[in-house]
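Biologist: Please take one residue in this model and describe its surroundings closely. Then go on to whatever else is well described in the packing of side chains.

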Amino acid sequence: MRKALHNMNPSVKFLLITVCMFTMAFYFDPWTPLVFWGGVLVLQILFSQISWKKWLLFMLPFFVTAIGYFWTTLVFSEDQSGPVIWSLWNVNITEAQLNHAMSLSFRVLAFSSLSLMFALTTNPVTFVMSLMQQLKLSPKIAYGIMVGYQFLPVLKDEFVQIGQAHRLRGVGLEKNAIQRLLGMRSVLIPMLAGAVRKAERAAFAMEARGFTGERRSSYFQVISIGKVDFIIVALFLLVLVLSCTNKFWLG
Amino acid sequence: MHDIIQFTDVSFRYPDEDKWILKDLSFSIQNGERVVITGPSGCGKTTLLYLGNRLYPDNCDGILTGSVKLFGKESTSYIPGEINHRIATVFQDPDAQFCMQTVEEELAFTLENLHVPREEMETRISEILTLTDLSEFRHATIQKLSGGQKQRIATACALIMEPEVLLLDEPISHLDPYTAKKYVEWLNQLQQKRQMTIVAIEHRLDLWENFFDRSIPLIQGEPSSPLERRKNSLREDASLVANKIKAKPFLKETSFSLKQGEVTVLAGPNGSGKSTLLKALCQLIPSSGNVEPSFLGYVPQSPEFLFLTKSVRDEVAYGGGNNTEEILSRLQLQSVSEAHPFAVSHGQKRRVAIAAMLCDGREIILMDEPTSGQDAIALSELFQLIDERARSGSTFVIVTHDMEFAYCLADSILLMNDGRLTGKFDADDVWKNESLLLDHHLLPPKGVLNYEKSFA
Amino acid sequence: MLKSWKLKEIVLMSLFAVVFGIVYLLFLHIGNIWAGFIGPIAYEWIFGIWFIVSIICMYIIRKPGAAVVSETIAAAIEVLLGNAVGPRLILSGVIQGLGAEAVFAATRYKRFDLWVLMLAGVGSSVFSFVYGYFLGGFSVFSTGYVALMFGIRILSGAVIAGIGGKALSDGLLATGSLRGYAISRTNKGDVRA
Ligand SMILES: Nc1ncnc2c1ncn2[C@@H]1O[C@H](COP(=O)(O)OP(=O)(O)OP(=O)(O)O)[C@@H](O)[C@H]1O
Ligand SMILES: Nc1ncnc2c1ncn2[C@@H]1O[C@H](COP(=O)(O)OP(=O)(O)OP(=O)(O)O)[C@@H](O)[C@H]1O
Ligand SMILES: [Mg+2]
Ligand SMILES: [Mg+2]
C-alpha cells in the first residue's frame, strides 16, 4: 500500500482529481481548502513515495503564486463588507476580504498539491495507454500523443541546437529583447518545419507497421482497475466530504 | 508464380512541381524475388518505394497516372495501413521512423496492430530480438540510440510482422562495415527460410555480393571512374587542437591534434560515439575541455537542422562564398537549386549541407557520414572537392563507414570504440592491421586486398 | 469525425503541441516569478501561446474539429511533460479549443484570414476566461480588476495567437514543407480544399 498512488489506475486517478477540484471551486471560506489540502498531504505521505525534496522544489512557484493571490485579493476584492480588522495607511481590510484572500490562496495550494501528486506518481506512457483502455480514447489520438511525447527530448535538444547551428553558420547574436523575440521566429520556423517532416515520417512509419487506427483486440501492456483504486477513491472522497463539512465538526 | 508488385505505365509528380519524377515506368516483381532498385541520388527511388506500399499518393497530393497493383489488386483499394503487414518497409531516415519510446514498446505496438494475441507477443518479441542480435537493446530508449542502431531496430520492427514482402531503403547506409556484412548474411538466411520477397534500394552493391537476383535501374547512371588514392597534403602548422574533450555520460576524455591540409577519417563501430565527438567539438552539446579554433564547419548526420533559407541556392550561398554556382553544379544540385532544402531527397539534403560548408570558406570542416546515400558520381565529386580544399590547406575530419572512400582519402585515421578514442593512426598502418580493423568493426578496403593479392 | 483525418495530420498536431509546450514552459517560468508580485494577472499575457496551437493547426489542416482536437492533444502533452498544473489542463485544453472552434465553425470553415484567426484567438480567450473565472475563484475580485485581466487575455489571444499564429504559419508555408496539407491546396485555389 505504500505505493498505492503510484500503482493505481491513471484514468481513475485523473477523474478523481478532476472531481475534487470542481467540488473545491464552490467554496470561498478559508477552512474548506485548508482542510482539504491537509488531507491530500496526509494521503500523499501514507500512499506514495514522492521525494519531498523534489516536491518542495516543484511547489515553490505555487507558494509564490499563492502569495500573489493573497495580496491581490486583499486589494482588489469585490466584497468589502464586515468589520474592519486591519488598517494600513488608507487601506482598510475587512474580514470578508481576508477570508476570501486566504480561501483563494489555500485553493491554489490544494489544487497544486493535487496536480503535483498526479504528475509525480504517474507514468506518462501508462497514462495514455489507460486513457485508451479505460476511457476509450481513439487509438489514432492516443498513439499520436505517444509520438509527440517520444519526440520531446529530440525537439528540446533541437531547440538549443538550431540556435547553435545558426551561430555556427554565422547568424549574429541579437542584443536587445525585441530582436531576440523576432529571432525566436527564426528558430521556431525551422523547428516547425522539422516537426512537419518528423510528423509525416512518423505517421508513415506507423502506417508501415500496419496501424489502421482501429481498436486493438489485445494489448501488450494491460492496464486494469483493481482493489487499490476503490480504496484510494474512497479515501479521497472521505477527505473531500470532511473538508466540505468542516463547519459542522470544526465548530 | 504471380506478380506481387506490378507497376504499369506509372508516372508521378509532386504537387507544385512541373517535373515528372517517375515517367512511364513499368515493371513487376514476383514472389520470392530479390530485387535491387538503383539509380543516381534524387532520381525517385524513395518515391517509388512509397508508391509500392501505398503511402503515396494518398499522403502527399501527388499526381499519379498509370496503375500500381499490389497482390493483384489496385493499391488504392486498400485502406491506410491495411496492406502494410504484408509489405513491410524500412525507411531511409533512421531518426524519424518510430512512434514509441522503447524498443520493446515499439515491437509490441507492431504486434498489437496485427491483432496478435497477448500470449504470443512475448515469444515473438524475444525471438526477433535474438534473431537480429538486438536483445541488449530491448529496454533501450530508441531516441538515445545511434544512427546505425536505430536502422537495425527499424529492420527488426519490419521483420516481426513476418511480412511477405520487405521493402528496404538503403538499409545499411548507416551501418559499420562489419555489421553491414552480418546484416546481409542474416537477411540472406532469413529470405531462404521464409521465402520473402525483398526489394531494396542501394547505391553501393559491393557489400551485398551476390545477394540480388536482378536489378531495376531507374535511370542509367553515367559510369564513373573508380577513386584513386590521393597524395597527402599535410603541412607543418597545427590547425585543430582538441584538448581533453569530454561529454557526459558517454564520451570519455579525448585529445588529439590535426595539421593544416590533413584529411582524417574518424571510424568505429555503430554507437561508438563518433557523432557525439563531432558535436562536442562544435560545442553543440555540453562538454568540457577546449577546442582550438572554435570556428568550425560541421555537416551533421541528419543535416536538416542546419537549414536557414528558402532555397537550395540561398542555402549554399548563405556564408557569402563566391563559387556557389560551381559547387552547386559539381555536387549535382543545379536541378534542385530553386527547391526548398527540406523538400529534396536524402542524398541531396546531405549534399546541400556539404556544399554550404564548402562555400563558407571554413578552414576546418567536420563531416558526419557525408557518403551515406550518395551515388558514385556524387561520391567522386565530393572526393575531388575535399582533395582540392585540403591541398589549399583546409583540414577535414570525416566520419564514414565507406572503407573504399576512407582508403582513398585519409591521411590519418582516428579510431573510436565505446566512447573512447583508441588513438590517432597513420592511415597505412591501419589498413594493414587486421586485428585493429576487426576490433573497430572495420573491413580492409579492396584497394588493400588487391595490393596484397598481387604480392601473394 | 476522426475517420476523415489522416494519421499524419494527427501526428502533426501532436508535434506542434510539443514545440509550443516547450515554448510555453520557457515563458511560464517568467510568469511564475511575476505572479508573486502582481498576482494571477501575471499569466494573462502568455495565454496566447496556449491558443496558438489550435489556430495554427486549424489554419493548416482546415477540417472541422482541428482546433479542439489539437488543443486537447496539446494539453495532454503538457500533462505528460510533467507540467505541475496537471490534469485540469486537459479540460482547459478542450474548453479553449472549443472557443476557437466556435469562431471557425461560425464561418463554416470557409474563411481563414487574419481577422478570423484573431477572432478565434479571442474566442479561446473568452472561453478560457469563463472557465478560469470559475476554477480560480475570480468572482471575489472587483469588477475593474477582472475586466483588466480579461482585457489582457483577449489582447494576448488576438495578438500572440491570432497574429503570431498567422505569421508563423505563413513563414512555414513559405518553406514548402506544408505541401500535402489543406493550406497549400487552397492557396492555389484548388477545389479539393
Ligand atoms: N516532398 C517532396 N516535395 C517535392 N519534391 C520532392 C519531395 N521529396 C522529394 N522530392 C524530389 O523528388 C526527387 C526524387 O526524390 P527521392 O527522395 O525519391 O530520391 P531518391 O532517389 O530516393 O534519392 P536519394 O538516393 O538521394 O535518397 C528529388 O529530385 C527531390 O528533389
Ligand atoms: N541524445 C542522446 N542521449 C543519450 N545517449 C545518447 C544520445 N545520442 C546518442 N547516445 C548514445 O551515445 C552513444 C554514441 O552515439 P553516437 O551517435 O555518437 O554513435 P556513432 O558512433 O555516431 O554511431 P553511428 O555510426 O551508428 O552513427 C550510443 O551508445 C548512444 O546510445
Ligand atoms: Mg531516397
Ligand atoms: Mg553517428
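Modeller: Leaving out residues up to four places away in sequence, Gln134(A) touches Asn9(A), Ser11(A), Ile223(A), Ser224(A) and Ile225(A), where contact means heavy atoms within 4.5 Å. This is a predicted model, in which local features need pLDDT of at least 70 and side-chain atom pairs count only at pLDDT 80 or more, while totals for chains, interfaces and linings use all residues. Residues are numbered from 1 along each chain as its sequence is written, chains are lettered from A and ligands numbered from 1 in the order in which they are written, and side-chain values use heavy atoms, with hydrogens and water left out.

Gln134(A) sits in the loop between α6 (124-133) and α7 (139-168) of chain A; helices (H or I, at least four residues) and strands (E, at least two) are DSSP runs, numbered from the N terminus. Its relative accessibility is 24%, so Gln134(A) counts as partly exposed, the class between buried (under 20% relative accessible area) and exposed (over 50%), with a 1.4 Å probe and protein chains only.

In chain B, Asp368(B) belongs to strand β15 (residues 364-368). Asp368(B) is buried yet has no salt bridge, and the nearest side chain of opposite charge, Lys279(B), is 6.5 Å away. A salt bridge is a side-chain nitrogen of Lys or Arg within 4 Å of a carboxyl oxygen of Asp or Glu; Lys and Arg count as positive, Asp and Glu as negative, and His and the chain ends are not counted. The Asp368(B) side chain does make a polar contact of 2.8 Å with the side chain of Ser275(B).

Ser275(B) is one of the buried residues of α6(B). Helix α6 of chain B (residues 274-281) is mostly covered, with 6 of its 8 residues buried. Just after α6(B), Gln283(B) takes a positive phi of about 60°.

Methods
Polar contact = N/O pair within 3.5 Å; in protein donor to acceptor, adjacent residues only side chain to side chain.
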